[in-house]
Amino acid sequence: MTEQYDVIIIGAGPGGYNAAIRAGQLGLKAALIEKRETKKLGGTCLNVGCIPSKALLHASELFETAGKSFANLGINTGKISLDLIQMLKQKDDAVDGLTKGVAFLMKKNKVETFFGAGEIVAPGKVRVTGDAPTELEAKNIIIATGSEVTPLPGVEIDEVQIVSSTGALALPAVPKHLVVIGGGVIGLELGSVWRRLGSKVTVVEFLDRILPTMDGEVSKQFQRMLKKQGVDFKLSSKVTGAEKLKTKVKLNVEPAAGGDVETIDADAVLVAIGRRPHTDGLGLANVGVETDKRGFIVTDHFKTTAPGVWAIGDCITGPMLAHKAEDDGTACVELIAGKAGHVNYDTVPNVVYTWPEVASVGKTEEELKEAGIAYKIGKFPFAANSRAKTNHETDGFVKILADAETDRVLGCHIVGVDAGELIAEAVSVMEFGGASEDIARTCHAHPTRSEAVRQAAMGVEGWTMQA
Ligand code: FAD
Ligand code: NAI
């Protein structure tokens, strides 16, 4: 007889594995299916995304700091040298440890794991192909199959000379010249890694600014900082073709609006122009699950167009972020269990883990202008923050946008060291519908960078005290 479950989850990324944990906690019998060949849980995020990229960002930042800043702090080390094999190994160790942690959590929550590709063959029926093919049945199926790299026609990814983020996390040697196509999150994070380790990095971006969804002032100032660090930018430009030679790639680059073609020689090319939903081979048509023009599964509170089939994470609309997928998974299972699951996409923070970090939540100035919402701005530079000055890390600022009438916080944008941690305060305040005055009147420890958030909030009503 086919094994019966309360819920079958296809895909073991942050969306799927957190859905599985919540299902276990709520007493639902859950099955989790994952097709990754390595048989490791955790999805893109743990295996080839958030975790390995942060492991390399951390190590490469320390490498650069040791080489460039230690002497100024009175620490003499002699000449610093790179052991790339060890750096890549500690990254792999981090991935290994965390994926094992997810496997432990599945056991702890009595979730049954199946390795192989899942396909919905009929309502309530999922076939798993793999080493031990099987068929499972459940009242509820959650699709959590995530996303994949968007290809660029004419620039074929071989993961050797022309790589996606996956190849860029495992380059066997530091390329002399790395050309990054796409000035988004992946391009800037992984471009930063290889620049710190010695590459010349050129970023080719189609639009006239990097990080196009971020607040305009933030992306402009941040680009200046990266430029000072040595990253070259070709904005409003597109790559129209790539010719692979033995050890080099010749890229044709031309203005986005058309014009003269320029050739750039690269030792490695990273294609990072976005990700697209991954739903191949899932059998969506077998049960009538609809997708939109861009391939995202159409949902209403995670319900797809097929009864009993739900979808979460990167394969549905909303920010393609691990914590959003995780929250989707939790809320979706709570709905299945008859509870009130909900995710507020207006308060999902977005962090770029470069040096310094960039973090944002809520509306940008551009979005508020377009929506015709009257707002006030409070801003504070880290150059006036005592902790940042003491640590010689004064680049960046905090910007808070609040409703001109009600003072409700509508957005917060931070460029600076630890921006990814600092943004959490604004997220909490926004989640509670709080005002900038709530932040301004809250005691913040001294000396911390969080005081810059408070001073920016004071600035909304014009009483910033320390600048
Ligand atoms: P995924 O993590 O993509 O997991 C889906 C899983 O489903 C995969 O393991 C896949 O193998 C499996 N699958 C697909 N089809 C089937 C099938 N038919 N049967 C069985 N299994 C299947 N986000 C952040 O928030 N912070 C970061 O710092 C960050 N860094 C990133 C760095 C990089 C280089 C990349 C590429 C992404 C990064 N992201 C980051 C994005 C983050 O990885 C995704 O938003 C997140 O993984 C989405 O989770 P998910 O569960 O929806 O899908
Ligand atoms: P992205 O959407 O962040 O950036 C892609 C960039 O490429 C954009 O600036 C876009 O204008 C540009 N572009 C598009 N087509 C182009 C072309 N033909 N030529 C030149 N430029 C072009 O996508 P990215 O960086 O690939 O990352 C994918 C997703 O992964 C992100 O959107 C994010 O959701 C997630 N991610 C999150 C991270 C984090 O939270 N720190 C880190 C890495 C990825």
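Which residue has a backbone N or O atom 3.3 Å from an oxygen atom of ligand 2? Select ligand 2 in this predicted model and look for Val185: a backbone N or O atom of Val185 lies at that distance from the ligand oxygen.

Met320 places a backbone N or O atom 2.6 Å from an oxygen atom of ligand 2. At Phe206, a polar backbone atom is 3.2 Å from a nitrogen atom of the ligand. With its surface shown, ligand 2 has 840 Å² of accessible area on its own, and the protein covers 78% of that.

Next, select the 22 residues around ligand 2; Glu189, Glu205, Gly274, Met320 and Val351 come nearest. Colour this shell by class to see 14 nonpolar, four polar and four charged residues. Then show helix H6 (residues 185-196), which supplies three residues, the largest share of the shell.

Now colour by domain. Domain 1 (3-149 + 276-343) and domain 2 (162-273) both contribute residues to the shell, so ligand 2 lies between them.

Move on to the sheet. Select strands S18, S19, S22, S21 and S20, which form an open antiparallel sheet in that order. Strand S18 (350-352) and strand S20 (375-381) are the edges; each has a single partner strand, so one side of each lacks a neighbour in the sheet. Viewed across the sheet, the twist averages 10 degrees from one strand to the next.

Finish with strand S21 (residues 397-403) and strand S22 (residues 409-416), an antiparallel pair joined over six bridges. Pick Phe397 and find its bridge partner in S22, Val415.

Note on methods: Residues numbered from 1 in each chain as written. Chains lettered and ligands numbered in written order. Predicted model: local features only at pLDDT ≥ 70, side-chain atom pairs only at ≥ 80, totals over all residues. Heavy atoms only, no water. Near = heavy atom within 4 Å. Polar contact = N/O pair within 3.5 Å; in protein donor to acceptor, adjacent residues only side chain to side chain. Areas by Shrake-Rupley, 256 points an atom, 1.4 Å probe, with all protein chains shown as cover. Helix = DSSP H or I, 4+ residues; strand = E, 2+ residues; numbered from the N terminus. Nonpolar A, V, L, I, M, F, W, Y, C, P; charged D, E, K, R; others polar. Domains from an automatic or database assignment. Pairing = 2+ DSSP bridges. Axes fitted to C-alpha atoms, helices over the stretch in contact; angles between N-to-C directions.
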